[in-house]
Amino acid sequence: MYQPKKYKKDNPDFLFKFIQQHPFATFILNGEKLLATHIPVLTKGNATNFVLYSHIAKHNEQSKYLKDDKGALLIFQGPHAYVSSSWYKEKDISTWDYSAVHVNVKLKIQSREELEESLEALVTRFEEPQKNPLYYQDIPRKMIDEHLGLITGFWCEVKDIKGVAKLHQGYDKEDIDSITTHLEKQHTILNSALSENIKKEHTCK
């Protein structure tokens with residue numbers, strides 16, 4: 001990952017929380033060519049000692065390359081957007097603000113029991129906020145048994161982790177106010193979320 005010094009994020013709490021807040025990751029590994037899949041990835045542990053876990057379909061081309069000790073890359077992306085130079089008080093160059101965390105990992109295939117525990121945790125994580133949640137134990141057992149045979153679960157041991165957040169560090173309050181106002185006027189969830197990240201970075205109220 002390219003990490004300009006002023007955008008580098010290496011605080012363990014930041015990295016851990018970022019992954020938890022943006023769990024839908026790009027999973028990349030090398031087969032006969034580079035292969036990528038977009039999957040939910042969860043954490044187990046704490047900011048200073050954790051593993052990641054997920055699963056993919058056995059019909060997925062990546063599946064045949066899954067094996068213990070195989071290296072892979074997980075990319076977690078935060079909100080991002082184009083920032084026009086017309087928003088600055090003085091002429092400048094347009095750019096793109098974004099945040100991301102890259103995690104190099106070593107894989108370990110899960111046992112069936114571990115896969116079931118992982119799936120239960122995954123369903124719980126995303127069903128809890130629902131009005132009428134349907135938890136793992138509420139799914140018919142026959143359906144679960146049929147599904148388990150079609151997927152492969154895996155642990156991801158963290159070998160290297162890097163973060164970056166390009167949020168207009170170094171700009172003054174007048175430009176920051178203008179940037180965030182213009183982003184919010186575009187009325188998209190992504191741009192509004194980016195605006196909030198920029199404000200937090202600059203401790204704007």
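## Strand pairing

Leu-73 stands opposite Asn-104 in β8. This is a predicted model, in which local features need pLDDT of at least 70 and side-chain atom pairs count only at pLDDT 80 or more, while totals for chains, interfaces and linings use all residues. Residues are numbered from 1 along each chain as its sequence is written, and side-chain values use heavy atoms, with hydrogens and water left out.

β6 and strand β8 (residues 95-109) run antiparallel and are joined by seven bridges. β6 (residues 71-77) also pairs in the antiparallel sense with strand β2 (residues 24-30), over three bridges; here Leu-74 in β6 is the bridge partner of Phe-27. Strands are DSSP runs of E with at least two residues, helices are runs of H or I with at least four, and both are numbered from the N terminus. Two strands pair if DSSP finds at least two bridges between them.

## Glu-116 in helix α2

Glu-116 is found in helix α2 and is buried, with a relative accessible area of 17% (buried is under 20%, exposed over 50%, partly exposed in between, with a 1.4 Å probe and protein chains only). Its side chain makes a polar contact of 2.7 Å with the side chain of Tyr-136. A polar contact is a pair of N or O atoms within 3.5 Å; within protein, one must be able to donate a hydrogen and the other to accept it, and residues adjacent in sequence count only if both atoms are side-chain atoms.

Neighbours within four places in sequence aside, Glu-116 is in contact (heavy atoms within 4.5 Å) with Tyr-136, Arg-141, Ile-144 and Leu-148.

## The largest cavity

The structure holds one cavity of 30 Å³ or more. About 70 Å³ of space lies in the largest cavity. The elements that give two or more residues to its lining are β5 (49-57) and α2 (112-127), and α2 gives the most, with four residues. Among the lining residues are Tyr-53, His-55, Leu-115 and Leu-119.

On a 1 Å grid over the protein atoms alone, a cavity is a set of points where a 1.4 Å probe fits but cannot get out, and a pocket is an open set with protein on both sides within 12 Å along at least five of seven lines; lining residues have an atom within 4 Å of a point. Grid points are joined across faces, edges and corners, and a volume is the space filled by probe spheres set on the points.

## The largest pocket

The largest pocket has a volume of about 270 Å³. Of its 13 lining residues, Phe-14, Phe-18, Gln-21, Asn-197 and Lys-200 are the closest to the centre. α1 (12-21) and α5 (189-201) are the elements that give two or more residues to this lining, and the largest share, five residues, comes from α1.
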